[in-house]
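Here is a short note for a reader who is new to this structure. The points below can be read alongside the sequence and the model.

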Amino acid sequence: NKGMYPRLLSHEATNLSEIVLETVTLDSEQSILQIQLQPGPLGIDFVPGRLPLTIMKFTPLPDGSKGALEDILAVGSELIGFNQYDTKTWKLQEFKRFLYLTGGINEERILTFKLPNGISAPSISDESEREEEQEQE
């Protein structure tokens, strides 16, 4: 069922340095978060055997630092999309294969996560407004 989130998954990043591309609130309880990834490790462990792939915990990157997704996502977030694909039935091997295939510098890697109920997505507009205010001071 590839067409379930067509608006989300066709969104193109205008600035590749931005990690969060789009947030969509489905209702008061559920948020969808779309993330642009750079090549490299994610710093995520998934719950073994659970579909859709669900974040179990965050792990340090090989250099000991925290992964970029740790400040954006929450434990319990479900991976529901990778680029234009619906990933709700993907096993971990399939996801790893796609990460590997899109590991090049110019490859697009857009992940779509459904956040756990009651967890709201970080607001993109608030961040950019705050940065503008700081620049004006």
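1. Burial and surface. Of the chain's 137 residues, 39% count as buried. This is a predicted model. The accessible surface of the chain comes to about 8,400 Å², and carbon and sulfur atoms hold 49% of that surface.

2. Confidence. The average pLDDT of the chain is 77, with 74% of the residues scoring at least 70. Among the elements, S4 has the highest mean pLDDT, 97, and helix H1 (residues 6-9) has the lowest, 34. Residues 1-17 stay under 50 in pLDDT, although the model gives this stretch 30 contacts beyond four places in sequence. Where pLDDT is low, the predicted coordinates should not be read in detail.

3. Elements. The chain contains 3 helices and 7 strands. Read from the N terminus, their order is α-β-β-β-β-β-β-α-β-α. Among contacts with a separation of 6 or more, 60% are between residues 24 or more positions apart.

4. The sheet. Which strands make up the open sheet, and in what order? The sheet has 5 strands, ordered S1-S2-S7-S5-S6, and the pairing is antiparallel. Strand S1 (20-25) and S6 are the edge strands, each pairing on one side only. S5 and strand S7 (residues 110-114) run antiparallel and are joined by 4 bridges. Leu79 stands opposite Phe113 in S7.

5. The helix across the sheet. Helix H2 (residues 92-101) lies across S5, S6 and S7. The angle between H2 and S5 is about 45°.

6. The nonpolar core. The largest nonpolar core has 23 residues. Leu33, Ile35, Ile44, Leu73, Phe95 and Phe113 are those with the most contacts inside this core. S2, S3, S4, S5, H2 and S7 are the elements that give two or more residues to it. H2 gives the most, with 3 residues.

7. Phe95. What does Phe95 touch, leaving aside its neighbours within four places in sequence? Phe95 is in contact with Leu42, Phe46, Leu53, Leu79, Phe82, Trp90 and Leu111. Phe95 is also one of the residues with the most contacts inside the largest nonpolar core.

8. Gln36. This residue is found in strand S2 (residues 31-36). Is Gln36 buried or exposed? Gln36 counts as buried because its relative accessible area is 6%, and buried means under 20%. Gln36 and Leu111 are 75 residues apart along the chain, yet their C-alpha atoms are separated by 6.6 Å.

9. Pro52. A cis peptide bond joins Leu51 and Pro52, with omega at about -5°. Pro52 lies in the loop between strand S3 (44-46) and strand S4 (55-58).

10. Asn83. The phi angle of Asn83 is near 50°, which is a positive value in a residue other than glycine. Where does Asn83 sit? Its place is in the loop between strand S5 (78-82) and strand S6 (85-86). With a relative accessible area of 13%, Asn83 is under the 20% cut-off and is therefore buried.

Definitions and conventions:
Residues numbered from 1 in each chain as written. Predicted model: local features only at pLDDT ≥ 70, side-chain atom pairs only at ≥ 80, totals over all residues. Heavy atoms only, no water. Buried < 20%, exposed > 50% of the residue type's maximum accessible area, 1.4 Å probe, protein only. pLDDT = per-residue confidence, 0-100. Contact = heavy atoms within 4.5 Å. Pairing = 2+ DSSP bridges. Axes fitted to C-alpha atoms, helices over the stretch in contact; angles between N-to-C directions. Areas by Shrake-Rupley, 256 points an atom, 1.4 Å probe, with all protein chains shown as cover. Core = buried A, V, L, I, M, F, W, Y, C linked by side-chain atoms within 4.5 Å.
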